[in-house]
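Hello,

The structure is below, as promised. My notes on it follow.

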Amino acid sequence: CGHPRIDADHRQLYLLANRLLEHMQDPGIHPDALLADMAQIFEMARQHFLFEEQVLAQYGYEELAAHRQEHQHLLKKAGQLMAAAQAGTLGNDALLNFIIQELVVGHMSQADRRYFPLMKTCDAREAV
């Protein structure tokens, strides 16, 4: 998007998602390690969402309310998945679908792209 911290956060979230997916494929991985991976990516997402919302508010993003609702939905779902994982009832399909389809593809690769033009416009105005 062009915002240094948002871009860095997105890169970090991709790295954490990849690590979690790799660990899910390792039959020897201890369940506590997967829980730690999940906790780390979900906490990173929470912090990122808060910061992103602050930046979007500063830039006057017109779709901020809807974007914030998407964040809340994702965090609620993350909490449900974490609770299921802690209870030992979480299936890999549910976690894979959430990480890949909802968080990475649905949100970071699609929903976030809707504010990219605003970032470029604001950056251009600030450079003048």
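**Helix packing**

H1 and H4 are roughly antiparallel to each other (a label for angles over 145 degrees). Their axes, which are lines fitted to C-alpha atoms over the stretch in contact, lie 11 Å apart at an angle of about 160°, with H1 covering residues 4–24 and H4 residues 92–111. The contact (heavy atoms within 4.5 Å) includes His10, Leu13 and Tyr14 of H1 and Leu95, Leu96 and Ile99 of H4. By class it has 12 nonpolar, three polar and no charged residues (Ala, Val, Leu, Ile, Met, Phe, Trp, Tyr, Cys and Pro count as nonpolar, Asp, Glu, Lys and Arg as charged, the others, Gly among them, as polar).

This is a predicted model, in which local features need pLDDT of at least 70 and side-chain atom pairs pLDDT 80 or more, while totals for chains, interfaces and linings use all residues. Residues are numbered from 1 along each chain as its sequence is written, and side-chain values use heavy atoms, without hydrogens and water.

H2 (residues 31–58) and H3 (residues 64–87) cross at roughly 170°, and their axes come within 10 Å. H2 and H3 are therefore roughly antiparallel too. Among the residues in contact are Phe42, Arg46 and Phe49 of H2 and His71, Leu74 and Leu75 of H3. This contact divides into 14 nonpolar, three polar and four charged residues.

Overall, the protein has five helices and zero strands (DSSP runs, H or I of at least four residues for helices, E of at least two for strands). Of its 128 residues, 40% count as buried (under 20% relative accessible area, 1.4 Å probe, protein chains only).

Regards

Definitions and conventions: Axes fitted to C-alpha atoms, helices over the stretch in contact; angles between N-to-C directions. Parallel < 35°, antiparallel > 145°, perpendicular 65-115°, else oblique. Buried < 20%, exposed > 50% of the residue type's maximum accessible area, 1.4 Å probe, protein only.
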